[in-house]
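Good morning, and thank you for the time. I would like to take you through one structure, beginning with a pocket and then turning to the packing of helices.

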Amino acid sequence: MRERILFVCMGNICRSPTAEGVARELARRRGLHDFFEFDSAGTHGYHVGNPPDRRAQEAAKKRGYDLSSLRARQVNEFDFVRFDRILAMDCDNLALLRQACPDEHHGKLGLFLEFAPQRGFDEVPDPYYGGPEGFEIVLDLVEAAAEGLLSRLAPQK
């Protein structure tokens, strides 16, 4: 049985594709890729069909994560049924997900950084309008949360 996880931010070109790429690669490195399915989407359709932001791709590549094959998409009603967990990057996008989500699936919603409480942040900040350091901060937080997620949800041997 695979755990299906959807990462969500606003436009699906910075934070959520970074989370998808990092989680997928860390799962692969741990030999857990058969136990997880990862995807990402945005609450808004601004960038549908576009690859992740160039700066996000460059920062990720420096740490060994390839985001180049990912393409932005918008959350749809089927996502609430298909995924076991839908993890928002921030409270605003979590609120939008709660508005769109059928009541019977609300238990699937949460914040991604709940898996990295040691970091002291609730939200992954949006780096879009900032400089390269914002993308490094996103990677630091996403790596910590992805490690926490894999540790908590991986099957016990």
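Which residues line the largest pocket? They are Cys-9, Met-10, Gly-11, Asn-12, Ile-13, Cys-14, Arg-15, Tyr-46, His-47, Asp-126, Tyr-128 and Tyr-129. Please bear in mind that this is a predicted model, in which local features need pLDDT of at least 70, side-chain atom pairs count only at pLDDT 80 or more, and totals for chains, interfaces and linings use all residues. Residues are numbered from 1 along each chain as its sequence is written, and side-chain values use heavy atoms, without hydrogens and water.

The largest pocket holds about 170 Å³ of space. A pocket here is an open set of points on a 1 Å grid over the protein atoms alone, where a 1.4 Å probe fits, with protein on both sides within 12 Å along at least five of seven lines; lining residues have an atom within 4 Å of a point. By class, the lining has seven nonpolar, three polar and two charged residues. Ala, Val, Leu, Ile, Met, Phe, Trp, Tyr, Cys and Pro count as nonpolar, Asp, Glu, Lys and Arg as charged, and the others, Gly among them, as polar.

I turn now to the helices, which are DSSP runs of H or I with at least four residues, numbered from the N terminus. Helix 1, residues 15-29, crosses helix 5 at roughly 45°, and their axes, lines fitted to C-alpha atoms over the stretch in contact, come within 9 Å. The contact comprises 10 nonpolar, one polar and three charged residues.

Helix 2, residues 54-62, packs against helix 5, residues 132-153, at about 55°, with axes 9 Å apart. In helix 2, Arg-55, Ala-56, Ala-59 and Ala-60 meet Phe-135, Glu-136 and Leu-139 of helix 5. Five nonpolar, no polar and two charged residues form that contact.

Technical notes: Axes are lines fitted to C-alpha atoms, for helices over the stretch in contact, and angles run from 0 to 180 degrees between N-to-C directions. Helices (H or I, at least four residues) and strands (E, at least two) are DSSP runs, numbered from the N terminus. Contact means heavy atoms within 4.5 Å. Grid points are joined across faces, edges and corners, and a volume is the space filled by probe spheres set on the points.
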